[in-house]
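User: I have a structure open and would like to go through it piece by piece. Can you take my questions as they come?

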Amino acid sequence: MPSIKISKIAKDLGAGFKPIVDFLNEKDETKGYNPNSKLTADEVKSVVNRFGRELSPEQRQKLIEGYTSGAASKSEVSNNSKATQPSVTKDAGAKAQEQPQQDSEVGLKVLGKVELDAKGNVIAPAESKPEPKPEVKPEPKPEPNPKKKTQHKQELKQETTQNLRRSVNRIQSRSLNRNRSRM
């Protein structure tokens, strides 16, 4: 009897665990399934057949056998479900011919090529130096006339002084009126 969790099957099939849990709960209402529930062989078959529709029948059968026998390692089971993805190898010459065919099937677009050294590290491409852009000097701002500033300040002082005098006069006249009315 396999001890495969729903979350593991969902991950390998590329499906969400919630639809799988809902499907199993509809199928058997007596059990309370959750993402950590372990499935029997029959349950695994029904889940793989229901949610593995994108996989070919051969891949589905391999997944079911891998889950039920327990002999398949995790990497073999996950590789079976991801067989449509291209694998990366160091033999770039042979893969370069196969890659355009695989890319057209998946819908990928090749944007450029990357050079690798003997260890598989990326070699930075030689960059062409762009032409230096001429610096744009900002136009100098005209300096404000210092006479205007001082004149404006003097006008403000005069206005403030006049306003203060008016306020003081009002206050004094009020106090005089109050004093007269009391007498």
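**Charged pairs, a helix and a patch**

Analyst: A place to start is the salt bridge in which the side chains of Lys8 and Asp12 meet, at 3.0 Å from N to O. A salt bridge here is a side-chain nitrogen of Lys or Arg within 4 Å of a carboxyl oxygen of Asp or Glu. The model is predicted, so local features need pLDDT of at least 70 and side-chain atom pairs count only at pLDDT 80 or more, while totals for chains, interfaces and linings use all residues. Residues are numbered from 1 along each chain as its sequence is written, and side-chain values use heavy atoms, with hydrogens and water left out.

User: How far apart in helix H1 are Lys8 and Asp12?

Analyst: They are four residues apart in helix H1, which means a separation of about one helical turn. Helices (H or I, at least four residues) and strands (E, at least two) are DSSP runs, numbered from the N terminus.

User: Why do residues three or four places apart point the same way?

Analyst: An α-helix has 3.6 residues a turn, so residues at that spacing point the same way.

User: Is Asp12 buried or exposed?

Analyst: Asp12 is buried, because its relative accessible area is 7%. Lys8 counts as partly exposed, at 26% relative accessibility. The cut-offs are under 20% relative accessible area for buried, over 50% for exposed, and partly exposed in between (1.4 Å probe, protein chains only).

User: How many salt bridges does a search of the whole structure find?

Analyst: The search finds three. Another one joins Asp22 and Lys18, with the closest N and O atoms 3.9 Å apart. Asp22 and Lys18 are four residues apart in helix H2, again about one helical turn. Asp22 is partly exposed at 34% relative accessible area, whereas Lys18 is exposed at 54%.

User: And which side chain meets Lys31 in a salt bridge?

Analyst: That is Glu43, at 3.7 Å from N to O. The pair links distant parts of the chain, with Glu43 in helix H3 and Lys31 in the loop between H2 and E2, twelve residues apart. Glu43 counts as buried at 11% relative accessibility, and Lys31 is partly exposed at 39%.

User: Back to H2. Which residues are buried there?

Analyst: In helix H2, residues 17-27, the buried ones are Ile20, Val21, Phe23 and Leu24. They cover an arc of only 160° around the axis, so they are on the same side of H2. The arc is taken from the directions from the helix axis to the C-beta atoms.

User: What does the face turned away from the buried side carry?

Analyst: That face of H2 carries the exposed residues Lys18 and Glu26.

User: What do the buried residues of H2 pack against?

Analyst: They pack against helix H1 (6-13), strand E2 (38-39) and helix H3 (41-51). Contact means heavy atoms within 4.5 Å.

User: How many aromatic pairs does the search of the whole structure find?

Analyst: The search finds one. Phe23 and Phe51 form it edge-to-face, 5.7 Å centre to centre and with 85° between the planes. Phe23 is in helix H2 and Phe51 in helix H3, so the pair ties together parts 28 residues apart in sequence. Both Phe23 and Phe51 are buried. Rings of Phe, Tyr and Trp (its six-membered ring) pair if their centres lie within 6.5 Å; planes under 30 degrees apart count as stacked, over 60 as edge-to-face and the rest as tilted.

User: New topic. Which residues make the nonpolar surface patch?

Analyst: Val114, Leu116 and Val122 make a patch of about 300 Å². Val114 lies in the loop between helix H6 (92-106) and strand E3 (115-116), and Val114 is exposed, with a relative accessible area of 56%. Patches are made of residues with over 30% relative accessible area and no salt bridge, with like charges joined within 9 Å and nonpolar side chains (Val, Leu, Ile, Met, Phe, Trp, Tyr) within 5 Å.

User: Where is Ile123, and what does it touch?

Analyst: Ile123 is in strand E4, residues 122-123. Not counting residues up to four places away in sequence, Ile123 touches Glu115, Leu116 and Asp117. Ile123 counts as partly exposed at 42% relative accessibility.

User: Last one: how many helices and strands are in the protein?

Analyst: There are seven helices and four strands. Of the 183 residues of the protein, 17% count as buried.

Conventions. Accessible areas come from the Shrake-Rupley method with a 1.4 Å probe; for residues, only the protein chains shown count as cover.
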